[in-house]
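Have the viewer open and try each task before reading on.

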Protein chains: 2
Amino acid sequence: MSGTSTAPERLSRLSVNQMTVRQLDLPDLVDACLALGVRGVGLWREPVRAYGVDAAARLVREAGLTVTTLCRGGFLTATDPSERARALDDNRRAVDEAAALGTDTLVLVSGGLPAGSKDLRGARERIADALGELGPYAAGHGVRLAVEPLHPMYAADRCVVSTLTQALDLAERFPAEQVGVTVDTYHVWWDDTAPEQIARAGAGGRLHAFQLADWTTPLPEGVLNGRGRLGDGSVDLREWTARVEAAGYTGPIEVELFNDELWARDGREVLAETVARFVEHVVR
Amino acid sequence: MSGTSTAPERLSRLSVNQMTVRQLDLPDLVDACLALGVRGVGLWREPVRAYGVDAAARLVREAGLTVTTLCRGGFLTATDPSERARALDDNRRAVDEAAALGTDTLVLVSGGLPAGSKDLRGARERIADALGELGPYAAGHGVRLAVEPLHPMYAADRCVVSTLTQALDLAERFPAEQVGVTVDTYHVWWDDTAPEQIARAGAGGRLHAFQLADWTTPLPEGVLNGRGRLGDGSVDLREWTARVEAAGYTGPIEVELFNDELWARDGREVLAETVARFVEHVVR
């Protein structure tokens, strides 16, 4: 499979997710992106709120950077009514923050099973209910919800939506301008049904975000912070990028690594390396 | 969903996989099974060969135990011709050992990606080629190959077959008496397409083995030895057992736990606890 995008165009679409270099504070991240010619950033709610949402919005806007996504809303599987109401409130605030930051995409991580529950199907239904409440609110603020399937190893404790098929089955109950999906290579690379689901998402106008990370082993304890640097692992990043492009995706390509070893290093050095690896493994 | 099996019948079908209590040597395992009324054991090649295949066969036969499976053959994804030939030879030996032990089922773990490869599809095709060579050999010895999909978190380094759909797509290229599948709840519990694939496997006479383990988090480093004790995790064991029974499966129900904490304990105590948990979470 060959890409539908030229090399310079792909490079211009690179976005660095804030978590990749979470050791950099927001001004340093912005400064490092400008120095390296990176034009987009994916931001996280916690550091943005710590800095101040309006101040963060001004900082990135004045730097001329695009906020490609806000990570993340979700965690919508609670059965307890007050817990559920709190989650919905929190997601409406996440929409407000996304709108303030000027991004049109809020990434949603659905949430795991409530304590003691074994009911995956019920949890997935509660996500649908929540999307029905949040979708119109988001669209009213110019924000699209991007349901992200997480790798099945997170199904119990983090995200009961494990495949693009499941994410699209949820999203398609609602208008595409309200709910779509996030494709992250780390989560879907193993799935031989994912390519056709990417085509389905593209055809429906629901490819709202695309993120890259490589898959390396052994996985660390807790399996959260061992995402591979681009090119270090088993994922054919060029092929997956070509797949979303073939499905009509022309949006940002966000690199999102959670990796203890990277976080222990100099953040600007990691960012420069990430750009170089993006060129080597995705652009060329 | 309700089971199609009576409680005493389910209990009589309990088999304990040797790895669950690998701290017990083979005579102690046999003795402990007899003391607890366990009638079946799933054996592993390495400890069986260390004890001697013929001696092991005699030991379990004279004790009146059934060897429900031999674990495991597989690792059939090499591209290097001599490595591939060695793997096929080794699998023929595994078939011989299964036949000597009197079990009709050899569990296959397919193997991961060769070093540096990102080609999951190619690796899966090489497994099909190998099954074409091994299937007739196995059937000639009264042994069925049972392709086991492993959880997608093992796709890179252990098993490129991640779902029952993939396993059945491979198996169905060959006669059912040659190649079927293993259903292990630990590997498939997250997958909402697995129930229909269990029905497909049952309809085709390809449900060759059924294993139980629970899913608990956090996962340990390397994600190999953190399988949950029955009842400790997110898997509805009774429902999955009912599913394989509804698909016509009346064979052994094997408990296979890889768990560092269990291995550090007294093996007979762990075995007794496993039987009690099987009664509580599967039989009743």
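**Exercise 1.** Within what distance do the axes of helix H2 (residues 26-36) of chain B and helix H4 (residues 53-63) of chain B come, and at roughly what angle do they cross?

*Solution.* This is a predicted model, where local features need pLDDT of at least 70, side-chain atom pairs count only at pLDDT 80 or more, and totals for chains, interfaces and linings use all residues. Residues are numbered from 1 along each chain as its sequence is written, chains are lettered from A and ligands numbered from 1 in the order written, and side-chain values use heavy atoms, leaving out hydrogens and water.

Step 1: helices are DSSP runs of H or I with at least four residues, numbered from the N terminus. Axes are lines fitted to C-alpha atoms, for helices over the stretch in contact, with angles from 0 to 180 degrees between N-to-C directions.

Step 2: the two axes come within 11 Å and cross at roughly 15°. H2(B) is therefore roughly parallel to H4(B) (angles under 35 degrees count as such).

**Exercise 2.** Which residues of H2(B) and H4(B) meet?

*Solution.* Contact means heavy atoms within 4.5 Å. From H2(B) come B:Leu26, B:Pro27, B:Val30 and B:Leu34; from H4(B) come B:Ala56, B:Leu59, B:Val60 and B:Ala63. The contact holds 8 nonpolar residues, no polar and no charged (Ala, Val, Leu, Ile, Met, Phe, Trp, Tyr, Cys and Pro count as nonpolar, Asp, Glu, Lys and Arg as charged, the others, Gly among them, as polar).

**Exercise 3.** By what turn can chain A be laid on chain B?

*Solution.* A turn of 180° with a shift of 0.0 Å along the axis gives an RMSD of 0.0 Å, superposing by least squares on C-alpha atoms of residues with pLDDT of at least 70 in both copies. That is the relation of a two-fold axis. In chain A, the C-alpha nearest the axis belongs to A:Glu221, 1.9 Å from it.

Note on methods: Helices (H or I, at least four residues) and strands (E, at least two) are DSSP runs, numbered from the N terminus. Angles under 35 degrees count as roughly parallel, over 145 as roughly antiparallel, 65 to 115 as roughly perpendicular and the rest as oblique.
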